[in-house]
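Notebook open, viewer open. I'm going through this one residue by residue and jotting down what I look up.

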Amino acid sequence: MDLYPTADPQSPQARDLASGPIRAAVAQHAPAGTRAHVGGTPAIIADISTAVDHDLTIVFPVAAALIALILLLLLRSLLAPVILMLSVGLGFAATLGAVTLLFQHALGRPGVSFTLPLVLFLFVVALGTDYNILIADRIREEMQRPGQARAAVARAVRHTTPAIATAGLVLAASFAGLAISPGNEQIAFAMTLGIMLSALVVSLVLVPALAALFGRAIWWPVRPGPAAGGHPQDRATVPAPRPDRVTAR
């Protein structure tokens, strides 16, 4: 039986109609001993949406656990990985909230794409974690030198800003190009905003600010101190002792 709903086949209304009333009515009126199925674009999209929702409940905790393990082994700290993961989570939530405000409330769209949270998590969270690892590892290296923690954070930001900012801007511009393709406006906006937030705000502002606030305690339980021999620039030049002058008479 062919049905032609008046709603757009790719709209949320058609998806809810195919997965709800139509599927229920078909199952109720199927002849005894038979099974009835609902096909078509709306039904396919509804099944994909259900599968994505199920995958999110698995991908999010598994990926978070793996990221936490990698940060723990790399940074050799318990507090720093928590701070980095929370900062990445804030960037993810801010991006998803901004997309919802723009497309659903400002532009009057019925909602955001059901694939958007998964795409954001796979790209923005992964890239944000990479940027955080770069800045955190440099901060740890600078804190191994003598001096105040805030000065070490400032040196780390000064040395890593060109690389992180350039990488973030280039990648964000690449994803912004998706906006010219119809139907990809949400993905383009979300990826562009998410990458810029991760690179320019989270990694270069939020993480260094928290590192300066916590100081060397951010690497608890092992706080980095001056390395053996210190940094070459930190070594004081001590003149060799001169022998006492002996005057012979």
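**Entry 1: Thr-160.** I started with Thr-160, which sits in helix H5, residues 149-176. This is a predicted model, so I'm reading computed values throughout. Buried or exposed, I asked of Thr-160? Its relative accessibility is 11%, and the cut-off for buried is under 20%, so Thr-160 counts as buried. Leaving out residues up to four places away in sequence, I find Thr-160 touching Leu-134, Ile-135 and Arg-138.

**Entry 2: confidence.** Mean pLDDT for the protein is 82, and 89% of the residues reach 70 or more. Where does pLDDT stay under 50? I found that stretch at residues 227-240, for which the model has seven contacts beyond four places in sequence. Where pLDDT is low, the predicted coordinates should not be read in detail. I'm therefore not reading the coordinates in detail where pLDDT is low.

**Entry 3: Thr-100.** Another threonine, this one in helix H3. Thr-100 has a relative accessible area of 22%; buried would need under 20%, so I log Thr-100 as partly exposed. With residues up to four places away left out, Thr-100 touches His-105 and Val-112.

**Entry 4: aromatic pairs.** How many aromatic pairs does the structure hold? I get five. A pair of aromatic rings is described by the distance of the centres and the angle of the planes.

I took Phe-60 and Phe-92 to begin with. Their ring centres are 6.0 Å apart and their planes stand at 90°; over 60 counts as edge-to-face, so that's what I wrote down for this pair. Phe-60 belongs to helix H2 (residues 41-75) and Phe-92 to helix H3 (residues 79-106), so the pair ties together parts 32 residues apart in sequence. On accessibility, I have Phe-60 at 26%, which counts as partly exposed, and Phe-92 at 14%, which counts as buried.

Then Phe-103 and Phe-189. This aromatic pair is edge-to-face too, with 5.9 Å from centre to centre and 70° between the planes. Phe-103 is in helix H3 and Phe-189 in helix H6 (residues 185-214), 86 residues apart, so I note it as a link between distant parts of the chain. Phe-103 is buried, at a relative accessible area of 5%, while Phe-189 is partly exposed at 30%.

Which residues cluster? Phe-60, Phe-92 and Phe-121 form one aromatic cluster.

Entry 5: What sits over the ring of Trp-219? I find the charged end of Arg-140 there, 5.2 Å from the ring centre.

The largest cavity has a volume of about 40 Å³. Trp-219 is in its lining, together with Ala-80, Leu-84, Ala-136, Ile-139, Val-207, Ala-211 and Ile-218. Which helices supply at least two residues each to that lining? I have H3, helix H4 (116-143) and H6.

Entry 6: Where is the cis peptide bond? It joins Trp-220 and Pro-221, with omega about 10°. I place Pro-221 in the segment after H6. I also flagged Arg-76, where phi is near 55°, a positive value in a residue other than glycine. Arg-76 is in the loop between H2 and H3.

Entry 7: To finish, I looked up the second largest pocket, with a volume of about 430 Å³. It is lined by 20 residues, and the closest to its centre are Met-1, Leu-3, Ile-22, Val-26 and Val-38. Helix H1 (12-28) and H2 are the elements that give two or more residues to this lining. Which element gives the most? I have H1, with six residues.

Note on methods. Residues numbered from 1 in each chain as written. Predicted model: local features only at pLDDT ≥ 70, side-chain atom pairs only at ≥ 80, totals over all residues. Heavy atoms only, no water. Phe/Tyr/Trp six-rings, centres within 6.5 Å; stacked < 30°, edge-to-face > 60°. Helix = DSSP H or I, 4+ residues; strand = E, 2+ residues; numbered from the N terminus. Buried < 20%, exposed > 50% of the residue type's maximum accessible area, 1.4 Å probe, protein only. Lys NZ or Arg CZ within 6 Å of the ring centre and 35° of its normal. pLDDT = per-residue confidence, 0-100. Contact = heavy atoms within 4.5 Å. 1 Å grid on protein atoms, 1.4 Å probe; cavity = no way out; pocket = protein on both sides within 12 Å on 5 of 7 lines; lining within 4 Å. Points joined across faces, edges and corners; volume = space filled by probe spheres on them.
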